[in-house]
Amino acid sequence: MENGDLLCEAAQNGDVEKLKTLIESGADVTYFDKDGLTPLMHAAKHGHAEVVQSLLDAGAPWNALSPSNLSAGDFAMDAGHQSAFDVLLYAGIQAELVLGTIARKENANGGSNVEYLEDRISFSEDKLMDAENKAVMMAWEKPLMEAHAKAVCSMGGDVLNVGFGMGLVDTAIQQYEPTSHTIVEAHPEVYKRMLESGWGEKKNVKIIFGRWQDVLDQFESYDGIFFDTYGEYYEDLREFHQHLPKLLKPGGIYSFFNGLCGGNPFFHIVYCQLVSLELESLGYSTQLIPLPVKDCLGEKTWEGVKHRYWQLDSYYLPVCQALEDSE
Ligand SMILES: C[S@@+](CC[C@H](N)C(=O)[O-])C[C@H]1O[C@@H](n2cnc3c(N)ncnc32)[C@H](O)[C@@H]1O
């Protein structure tokens, strides 16, 4: 038997001593067995938290994926092994915090989605697609957008939305008749369509054309803010959050489209925790409200769409507010 297979066997049996001996003799903790599983996945599947920790300490990647796109955390979660799950969750958050720091150092260029903003897009009744047939926005999200609008309009007053897309959230925001409704949009064709469909003539609406990063000086402060751009990275969302203390009035509500790692249940949990922690460090609490989405996603939803950006049964709608003692 190969050393890697012996490692998988020890992981499966929860044999910490044997596992450590194998690691010390140079066994590869990143090994994938014939079924495409790593020692970490085997340990997680069987709930051996101590083995999980030893493998992570020896450098096993927390985010390796099996052929069916499951990570060790997914295996622990599906089998209900809480301690193994907790160890993996902590490892995932720590790793992403570090990776975020590296990305921030490397992120010297001017924008993540410059190409998308320069490319053609196509509109149909139920979706807005980019030049590569990836969906920018889809109609199945309408109930989610309505829930976001309800959250960010709950204080009344002045509302900001970043990213118009199909105008679903903005249509819902209008129902609440905010005092002012500012919309920021960076794609020239989306902007043109907004004007053609009369958004420029609405009494309480102010449209700002441009990347939010470039038009920050035109922002005021708001009672409700929603953020949902396209083609940007977690780092961009994080950067937007740095501006919240200036943009959100005391008592105001902030929400964002929570599509973070929407293709994998465990990664999604890691990122939900990560974003909540980062918002907390800025002085905001985050409540994640679960909304079932399985019924919104019929078989035909993804026909012709290149990338299924959502594969989970629930959507966790973030509602963020300043923590009391930080105001
Ligand atoms: C997912 S869609 C928004 C969908 C919208 N919430 C709705 O309800 O239809 C994202 C939008 O953000 C725009 N966008 C992308 N990057 C942007 C940026 N940096 N600043 C402003 N808008 C941006 C895109 O052009 C697109 O219209």
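Which residues does Thr-301 touch, not counting residues up to four places away in sequence? Thr-301 touches Met-138, Trp-140 and Cys-296, where contact means heavy atoms within 4.5 Å. This is a predicted model, in which local features need pLDDT of at least 70 and side-chain atom pairs count only at pLDDT 80 or more, while totals for chains, interfaces and linings use all residues. Residues are numbered from 1 along each chain as its sequence is written, and side-chain values use heavy atoms, with hydrogens and water left out.

Thr-301 sits in the loop between β9 (284-292) and β10 (314-322). Its relative accessible area is 16%, so Thr-301 counts as buried; buried means under 20% relative accessible area, exposed over 50%, and partly exposed in between, with a 1.4 Å probe and protein chains only.

The protein as a whole has 13 helices and ten strands. These are DSSP runs numbered from the N terminus, with helices (H or I) of at least four residues and strands (E) of at least two. Of the 327 residues, 49% are buried. Among contacts with a separation of 6 or more, 67% are between residues 24 or more positions apart. The C-alpha atoms fill a box of roughly 75 × 50 × 40 Å along the principal axes.

Next comes the ligand. There are 25 residues around the ligand, and Asn-113, Tyr-116, Val-169, Glu-185 and Asp-228 come nearest; a residue is near a molecule if one of its heavy atoms lies within 4 Å of it. The shell divides into 13 nonpolar, eight polar and four charged residues. Here Ala, Val, Leu, Ile, Met, Phe, Trp, Tyr, Cys and Pro count as nonpolar, Asp, Glu, Lys and Arg as charged, and the others, Gly among them, as polar.

An N or O atom in the side chain of Asn-113 is 2.9 Å from a nitrogen atom of the ligand. Taken alone the ligand exposes 600 Å², of which the protein buries 99%; accessible areas come from the Shrake-Rupley method with a 1.4 Å probe, and for residues only the protein chains shown count as cover. β3 (135-138) and α9 (168-175) are the elements that give two or more residues to this shell.

Finally, the cysteines. The whole structure holds zero disulfides, a disulfide being a pair of cysteine sulfur atoms within 2.5 Å. Cys-261 is partly exposed at 30% relative accessible area, whereas Cys-272 is buried at 6%.

Methods:
Polar contact = N/O pair within 3.5 Å; in protein donor to acceptor, adjacent residues only side chain to side chain.
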